[in-house]
Amino acid sequence: MATPGGPRSGNFPPNYNPNSLANNMQNLQINQPNQQQPNNAGGSAPRPPPNATPFGQQAPAFAGNRPGPPPPGVFPRAPVPPNAPAQTTLPPNMVSSRPAGPPPGSQPPTFSSRPPPPGAMPSSIGRPVSPTPPASGPRPGSYPSSPLTSAPSTPSHASASGPVSNGPPTFAPGMTQSGSSFPPAMGGMPRPLVGPPQPQAMLSSRPSSQPLQMRPSFGGPPTALSSASGQPTPPFSGLPRNMVPPMGSSPFSAPNTGMHQSINSPYGMQTWPAQPQQVTPPPPIPGPMQQPPRMFGMPPGGQSLPNQSMALNQTGQSKIDPNQIPRLSQSGSVIVHETRQGNQANPPPPATSDYIVKDTGNCSPRYLRCTINQVPLTVDLLSTSGMQLSLLVQPLALAHPSEEPIHVVDFGESGPVRCSRCKGYINPFVKFIDQGRRFICNLCGFTDETPRDYHCNLGPDGRRRDADERPELCRGTVEFIASKEYMVRDPMPAVFFFLIDVSMNAAQTGATAAACSAIKQVIADLPKGPRTMVGIATFDSTIHFYNLKRASQQPLMLIVPDVQDVYTPLESDVIVQFSECCEHLEMLLDNIPTMFESNRIADSALGAAVKAAFLAMKSTGGKLLVFQSVLPSAGIGSLSAREAEGRSNMSAGEKEAHKLLQPADKTLKTMAIELAEYQVCVDLFITSQMYVDIASLSVIPTTTGGQIYYYYPFSARSDPAKLYNDLRWNVTRPQGFEAVMRVRCSQGIEVQEYSGNFCKRIPTDVDLPAIDCDKTIMVSLKHDDKLQEGSECAFQCALLYTTVYGQRRIRVSTLSLPCTNMLSNLFRSADLDTQFACITKQAAIEIPSAPLAQVRDQATNVCINILYSYRKFCATVSSAGQLILPEALKMLPLYTLALLKSTGLRPDGRIDDRSVWINYVSALPTPLVIPLVYPRMIALHDLNEKEVDDSIIPVPIPLSSEHIAIDGIYLLENGVDCLIYLGDNVQPNILQQIFGISSLEDIPNQFILQQYENPLSKKLNDIVNEIRRQRCSYLRLRLCKKGDPSGMTFFSYLVEDKMASGFSYVEYLIHIHRQIQSKMA
Amino acid sequence: MTEFLDLELQDSVRMPWNVLPGTKAHAANCAIPIAAIYTPLKTLPEATPLLPYSPLRCRSCRSVINPFSIVDFSSVNKIWICSFCLQRNHFPPLYQSISEQNFPAELFPQYTTIEYETPAPQSQDKAQPGSSNVFLFVVDTCVIEEELGYLKSALLQVLGMVPENCLIGLITFGTYVHVHELGFGLIPKVHVFKGTKEVTKDQLLDQMGFFTKRPRPTTGVIAGVRDGLSQESVARFLLPASDCEFVLNSILEELQKDPWPVPSDQRAARCTGAALNLAAHLLGACVPGSGARIMAFLGGPSTEGPGAIVSKSLSEPLRSHKDLDKDSAPHYHKAVKFYEALSKQLVHQGHVLDIFACALDQVGVAELKVAVEKTGGLVVLAESFGHSVFKDSLRCIFQAGDHDLGLASNGIFEINCSKDIKIQGIIGPCASLDKKGPLCSETVIGQGNTTAWKLCGLDKNTSLCIIFDVAKKESPDIVSQSANNQFYFQFLTYYQHSNGQMRLRATTLSRRWVAGPGIKDELISGFDQEAAAVVMARQVSFKMETEAEFDPIRWLDKSLIHICTQFGEYQKDNPSSFGLSPRLSIFPQFMFHLRRSQFVQVFNNSPDETAYFRMILNRENVSNSVVMIQPSLISYAFNSGPEAALLDVVSIAADKILLLDSYFTIVVFHGASIAQWRKAGYHELPEHQAFSQLLQAPRSDTDAIIRERFPVPRLVICDQHGSQARFLLVKLNPSATYNSDTQAAPGGDIIFTDDVSFEVFSDHLQRLAVQ
């Protein structure tokens, strides 16, 4: 224990120690089958090259590619680079060398050899597989070793193949190569063959990675998947090819072919259900049964917990092996996750991983995720742990295309069955008693009469006999058709109002033209039908509306000159049914840039324009999409360039610096609340080249459920494509209007606060003028009582909303988690992604209201407190010199460090950038939080040298400048920006191939990715497209070169380096360690 | 009578007293004030030359040289003596050659009224569009589609008639005010202003982007191209007719009814006040000081914003005379105050407000009156935009030729008079310029307390009623002074002629005054009954509007009795002995009809109508005004030509056609037999050509009347016993009523009224006069 080496080989399976190489080995083996299968799968799944570029290089192209309701296809849950680690690490020959069968065999041994880490937490623990060290040493395994992901990945790998094959069709583009490489294998493919091998693979892997519990969950599905993969193919293939959206259902609903409910489901995911039979049977793999018990049956603290321990010598960092320290590793394989198994909640896979959910009672972790997957019985226990209890709710999250669509349940006039006391909705955890005549609410414990027509007898197991046929009794997430009593008015139409800045700056920088062109292309993608209404207005120091409903004539421009007291010039005809004004609108959009080309009005009355547009939309509500280019300087809510003022008296105002991150005054907030009240959601597209006071402006989108898109500095050359794609996703993604959300919890827990982009009028509800698949709300919870030992604690999120097609629905997601009174369980079931997301979001909330240093300290303290608690109460005795991390949270220090160096918490940096960051984070879905602070970096220069396999995206490189070669080209992306860094000595021929330039001097300032006729360029394009798909974001591409400011930007993302704004990773670990030690003392 | 008409022909002036009571006391005894009804732009006799130079002015009183000036040809430096202040003035070198045989036109005795045209500097100015005429149409869109259609076609027609160099602008309004930007080529563009809000000129300048191309001047008043605005920013809104015809046509054709929904229990939201306010600001910003007219086409009452006359709720009725009397019209005073402010602004800018009120309901003419009258605007009241009263009147304004209105703009009217005469004020379409001086009387009526007035708009018919005071006190030496018993008056009118030139018309009058006992006959000899009636009418109208608790009947009767007592021949207390000089004989009749006229009897009219009638009365000349007071009645029969008939119910006969001209309405009344024959179609038969001619005769006369009149009168063609016959009956002297002793002659008619007949009236008058 005392020695660094000890822990590794000994008690704890540290992933990062050299031994972990074994993991690689495992992975490799495990991957093997995948690789084969993928082939089949790949083949079977026709990956139609056509839609290869959902994210076209040039905006138009994009549009062109996907005519109709592509949205689904465009950003579907990306299939994640399958078995990424394997590929990178493994030489191609591996594949060949490995026959499909062997892996299973080989694995078991490892398993056996390894003392099954008892309560070992899922992945990470499983993975460590210290026993198998011998294997391939080449890769230090630093990346592949990633705790959570890798282990699961193994099994999932197998599965991955399945999903991947499924996936491709949907997002074929990226997959093209793979598709092409195995063209022969069409359709049917030797599915059967595929199936079998997998289970084995799974098995083998599972054992190896002791987290047996996990395995099952993952293991089972994969098989299913793989088997399923054959079938799904058709639907998939159909989808991309035809592009035909099932009528009525949202664009996202893929081919419904095989699906029972898909028709109802708004965003019907595709396929999974296609072969339910096949799928379900496999799961009952040996594993599942045994595992669950293990998981929760953890012996008390005495037991060794999965830890990551590290010898840290205070005296010097030199002793630390950089390769030992915990790092994130991306696992490319797809995990299949059953939400409940054996009537136990199944801890979800990491949010950042690629997984397919099978809803077996609990809702998918995409919709609800808890920071800890076991609920502490008492508040004391929770506070001792240093962790927080929060939920991250993303009610309309995009599901994986292979997942079963959400069931839609219609209770008719009477509406869904609800508890008469707490108004909770019927869910699988409601207990029916008394022959089914009554039921006990799992949230408040009240006993209700079962409505007569809902009555059903109970089976011998105490369940209702119809439980399996009724989605609301067997699924964690269902949608109810809302009855009349849920409507205060008729469901609102889908209203899209575009508001464009045409002031001098906007016109001259091309922002106006870009906005018009983007809108013009996007209007074709608006939901079709009579309920879609559009309106448009432009503004400078006055507001210009357009009457689009004029039979024969041109649109009429109506100018509202009074920007202090605004009004809408017409009640009707400003917002018109889309079908009635399509031509006028297009013509107008063509004309607007010309009309204002020589506009000399520099003032921009944003606040007034928003207000005026609001007045026009007041009767219906809807989405207001605002394109703004300068600091609003006129009319209601005009702002001053206070950043400059702040800078000039910096010394005096240092302490007040954060005030600049607060809204300048209450005007916009008041307005925003009014907007929200009338169900108007505002999205701001800032195409600026200067300070625009985002801190003040962001109040509007934040309060109305919208978001900010920030293009700074706006470039008329490279940004329009992103603008277009952002806008397109904005209007086409799954979304709902006039929504109200409430989270209910079991007795003993209550909601303390909601945070995110919404309007809060009463404490219990969240008002969302609009909600879409990308919006996440953080719900912090608190104990108001002690929970019952042995019970489960349920959380139910109910979202009442109107679909774009005008249906009123209630989406109810229920998550029931076990309760525990053991600290070790809390640590074991901690969810890193969720916890870190919460930490980040909280930091974002605090930044405007507290001095930066305080916020930074706070973030570090959270990390320290958790680790300290673990160290003090859970870790077995170890030397003082050792830093011991809970396995589940071992990445916490790195992420916290990255957070400190993020745009939001970095002490330097522009005010606006920070405001944008705060705004972005506040509604950010869990899976995107970690990439935001800890971006993914990959090498591009050696793409050609790597074997072509399933994974499109190469293995990520740690964010440390050690890994940057002077002749390399690297791509770094965080879900928003994408930087391509060119080393000084890049080979000219590579430059030529990728960028079409011959030397570094020719690098353009404004970069547009183009595809040239060579494999390298093609690969790069595929990679970028794949990333875009994964992130549901088009990404701002920028070229960076050493010595340029752009190069500085790039290096500022290398968070493991020591930089002005903070420690290097190693230093930070030491810092934390010291803090813990001092606390211990 | 004819001598007065001759005088009018020469000097465009009628005075009740052409021989003036020379002292204050005498004047007070006359009951009717010394007054003049002057028509500044009345067409002059053809021979009158237009003098192409500036007039000579007196050094001290600034009056213009005139035929009454005494010229001393003898002295070396020729000298003229001002008739008003007796100042001796030298002639300028140019006049050195004058002699008794050779003197300029302005000294010719027959040219007491003459015009000067100031040439050079103005003509350059004219090249600028700013100084040509500007028409800003302000169009109400809160009307039903049908009305809007009529209005559109009327406007489209007018567009074709507007002279090419005139500037045109367009504002439409309903719930909001739409200022159309005609100079924006790409798509139709309007600036929309809230109807509930009064915008200031500065706000308008800012909000309509007048300073985007050129920075706003930091100091001074912004006024047009000369002061602060760029030509192009003005040209966005006001364009030469030739340039914007196409755009305007398309806008008008596309013009929609105000789109804001109107609940069934409410009136449309109509913001007339805000629209006019904006129009005034727009003109004030773009073309201050040059002739511009705001032509407002109103289709209903203003219900929103400043100048609203009624609330939107239909449960609140429009104000009636009764409400106004009881002061229970909640919006009235506010609205009037608003329009007063508007009128001040317009007068300041020199712009005119014309009102075309076309609705069955009232639109607020009563409130708007002040603004129209002070700016010398035109007003037309009709039932519908489709009615000929509106359509033809509108066309009149733009027509060229003999019957054009002779519209002129930017007039300034000044009076000089002998020092014993003071000016009380003017009742008529003008606004005081507040130029106080020794000539101002302490008693003020109408636009007083000044010797100069602004006439933003004036035309051939515009007639001002100027009321004077005699200041001279009775004194012993007064009679002896008879050597100089002339009063002089000089009326100077500067104006912009419709051709763009600035002109000055000078009228100089001389009237003899008398004083001392025994002047009665002399005064009677100079008494102009018609002028007197008109002065009384204007006075009584004015007093009814301005004096609370004013009893017009009592006031008129008192005045009449006073006159009769003063000037009648009678033995005291013997009514039958009463007699009046022919000079005075029909004056009581005028008064009788005036008492019954719409100016005094407001009972059956809405405040809008009353305001309308009075506005016309206040701007028309004497002969037209007399027709308003006592309509003319012409009778047509088979055996005689058209002859004037007694305005009495006895004139009605079955076999006659009567033509009643009450100015606002022309009634062609077919006797019962005539009507039957006509219905039988006899006039279409060749053998009854005479009948056809008989039918035609009144129509031809009607057409002639209509052609000359603005606003075009309403034509009513009716038959005896028909419902429309009431238009005739109401004007007739009810000598035969349902309870009178005399039976109607066969074929005649009776009137169902309790009004007293003229006989009863004059009986009473005689009785009272002799007491």
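Colleague: Where do helix 14 of chain B and helix 17 of chain B stand relative to each other: oblique or roughly parallel?
Modeller: Bear in mind that this is a predicted model. Helix 14 (residues 529–546) and helix 17 (residues 607–619) of chain B pack at about 140°, with their axes 10 Å apart. Roughly antiparallel would take an angle over 145 degrees, and roughly parallel one under 35. Helix 14 and helix 17 of chain B are therefore oblique.

Colleague: And how many charged residues are in the contact of helix 14 of chain B with helix 17 of chain B?
Modeller: From helix 14 of chain B come B:Ala537, B:Arg538, B:Ser541, B:Met544 and B:Glu545, and they meet B:Arg614, B:Leu617, B:Asn618 and B:Arg619 of helix 17 of chain B. By class, that contact has three nonpolar residues, two polar ones, and a charged count of four.

Colleague: Helix 14 of chain B also packs with helix 16 of chain B. Are those two roughly parallel or roughly antiparallel to each other, and what is the reason?
Modeller: Helix 16 of chain B covers residues 587–596, and its axis is 9 Å from that of helix 14 of chain B, at an angle of about 30°. Angles under 35 degrees go in the parallel class. Helix 14 and helix 16 of chain B are therefore roughly parallel.

Colleague: Which way does helix 14 of chain B cross helix 16 of chain B, left-handed or right-handed?
Modeller: With helix 17 of chain B, helix 14 of chain B makes a left-handed crossing. Where helix 14 of chain B passes helix 16 of chain B, the crossing is right-handed.

Colleague: How many nonpolar residues are there in the contact of helix 14 of chain B with helix 16 of chain B?
Modeller: On the helix 16 side of chain B you have B:Phe587, B:Phe590, B:Met591 and B:Leu594, while the helix 14 side includes B:Ala533, B:Met536 and B:Val540. That contact has one polar and one charged residue, and the nonpolar count is nine.

Colleague: Which UniProt feature is placed at residues 528–626 of chain B?
Modeller: Over residues 528–626, chain B is 63% helix and 9% strand, with the end C-alpha atoms 12 Å apart. UniProt, in an unreviewed entry, gives this stretch the name "domain: Sec23/Sec24 helical".

Colleague: Over to chain A: how many residues of helix 32 are buried?
Modeller: Helix 32 of chain A runs over residues 892–900, and its buried residues include A:Leu892, A:Tyr895 and A:Leu900. They pack against several elements of chain A, among them helix 31 (852–873), strand 28 (882–886) and helix 38 (1065–1080). Helix 32 of chain A is largely enclosed by the rest of the structure, so its buried count is nine of the nine.

Colleague: What share of the residues of chain A count as buried?
Modeller: Chain A has 38 helices and 32 strands. Of its 1081 residues, the buried share is 68%.

Key:
Residues numbered from 1 in each chain as written. Chains lettered and ligands numbered in written order. Predicted model: local features only at pLDDT ≥ 70, side-chain atom pairs only at ≥ 80, totals over all residues. Heavy atoms only, no water. Axes fitted to C-alpha atoms, helices over the stretch in contact; angles between N-to-C directions. Helix = DSSP H or I, 4+ residues; strand = E, 2+ residues; numbered from the N terminus. Parallel < 35°, antiparallel > 145°, perpendicular 65-115°, else oblique. Left-handed = near helix turned anticlockwise from the far one by under 90°. Contact = heavy atoms within 4.5 Å. Nonpolar A, V, L, I, M, F, W, Y, C, P; charged D, E, K, R; others polar. Buried < 20%, exposed > 50% of the residue type's maximum accessible area, 1.4 Å probe, protein only. UniProt positions renumbered as here; feature names shortened; annotations may be inferred.
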